[in-house]
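Hi,

Here is the structure I promised to pass on.

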Amino acid sequence: VQLQACGGGLVQGGGSLRLSCAASGRAFSSSDIGWFRQAPGKEREHVATIMSSGYTYYADSVKGRFTISRDNAKNTVYLQMNGLKPEDTAAYYCAVRTGATISRTGDFDYWGQGTQVTVSS
């Protein structure tokens with residue numbers, strides 16, 4: 001399986017971006033997909049997960065601002081990010097859930113290459 005994330009960029013605080021995670025090589029519609037982010041000098045952290053059922057789960061830091069969705073016909077998961085803050089600045093990654101939890105980094109695999117999001121103040 002291969003995942004490719006794109007859509008990052010430079011945006012002013014309060015602005016919006018939409019990230020895309022395109023998948024190939026496996027049964028995408030039956031996969032749970034997560035978004036994570038990693039800022040310089042910090043550990044990778046969970047942002048949001050969407051299950052194959054459509055159930056969604058968000059980190060508290062992004063709840064109410066970010067929305068994860070999926071289009072199985074396009075083998076793509078999206079992360080709509082509104083109300084961006086400077087602390088959202090990070091490289092954003094998507095991955096396939098392969099373990100028991102829906103937010104632990106160690107329970108995800110097949111990481112994409114990441115896309116950089118930079119939010120200016």
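Predicted model: local features only at pLDDT ≥ 70, side-chain atom pairs only at ≥ 80, totals over all residues.

β4 and β5 pair in the antiparallel sense, over 5 bridges. Residues are numbered from 1 along each chain as its sequence is written, and side-chain values use heavy atoms, with hydrogens and water left out.

Back to the strands. Across from Phe36 you will find His46 in β5. The two strands β4 and β5 make a hairpin with 6 residues between them, and Gly41 in the turn has a positive phi of about 80 degrees. On to β6 (residues 56–58): 3 bridges join this strand to β5, and the two run antiparallel. Here Thr49 stands opposite Tyr57 in β6. β5 and β6 also form a hairpin, this one with 5 residues between them and with Gly54 in the turn at a positive phi of about 100 degrees. As for cover, 5 of the 6 residues of β5 are buried; by that I mean under 20% relative accessible area, with exposed being over 50% and partly exposed in between (1.4 Å probe, protein chains only).

**The aromatic cluster**

Phe36 turns up again here. There are 2 aromatic pairs in the structure, where rings of Phe, Tyr and Trp (its six-membered ring) pair if their centres lie within 6.5 Å, and planes under 30 degrees apart count as stacked, over 60 as edge-to-face and the rest as tilted. Phe36 and Phe108 are edge-to-face, at 4.8 Å centre to centre with 70 degrees between the planes. That pair links distant parts of the chain, with Phe36 in β4 and Phe108 in β10 (residues 108–109), 72 residues apart. Phe36 is buried at 0% relative accessibility, and Phe108 is buried too, at 4% relative accessible area.

The rings of Phe36 and Trp111 have their centres 4.9 Å apart and their planes at 65 degrees, so this pair is edge-to-face as well. Trp111 sits in the loop between β10 and β11, 75 residues from Phe36. At 26% relative accessibility, Trp111 is partly exposed. Together, ring pairs link Phe36, Phe108 and Trp111 into a cluster.

Two arginines also deserve a look. Arg44 has its charged end over the ring of Tyr93, 3.8 Å from the ring centre, and Arg70 has its charged end over the ring of Phe28, 4.8 Å from the centre. The test was NZ of Lys or CZ of Arg within 6 Å of the ring centre and within 35 degrees of the ring normal.

**The nonpolar core**

Which residues touch the most other members of the largest nonpolar core? They are Trp35, Leu79, Met81 and Tyr92, in a core of 29 residues. A core here is a set of buried Ala, Val, Leu, Ile, Met, Phe, Trp, Tyr and Cys residues joined through side-chain atoms within 4.5 Å. Strands that each supply at least two of its residues include β1 (2–6), β4 (33–38), β5 (45–50), β7 (66–71) and β8 (76–81).

**The cysteines**

The structure holds 1 disulfide, which is to say a pair of cysteine sulfur atoms within 2.5 Å. Cys21 and Cys94 form it, with their sulfur atoms 2.2 Å apart. The torsion about their S-S bond is about 80 degrees, so the disulfide is right-handed. It links distant parts of the chain: Cys21 is in β3 (residues 17–24) and Cys94 in β9 (residues 90–97), 73 residues apart. Cys21 is buried at 0% relative accessible area, and Cys94 is buried at 0% too. Cys6, on the other hand, is in no disulfide, and the nearest cysteine sulfur, that of Cys21, is 8.8 Å away. Cys6 is partly exposed, at 42%.

Cheers

Note on methods
Helix = DSSP H or I, 4+ residues; strand = E, 2+ residues; numbered from the N terminus. Pairing = 2+ DSSP bridges.
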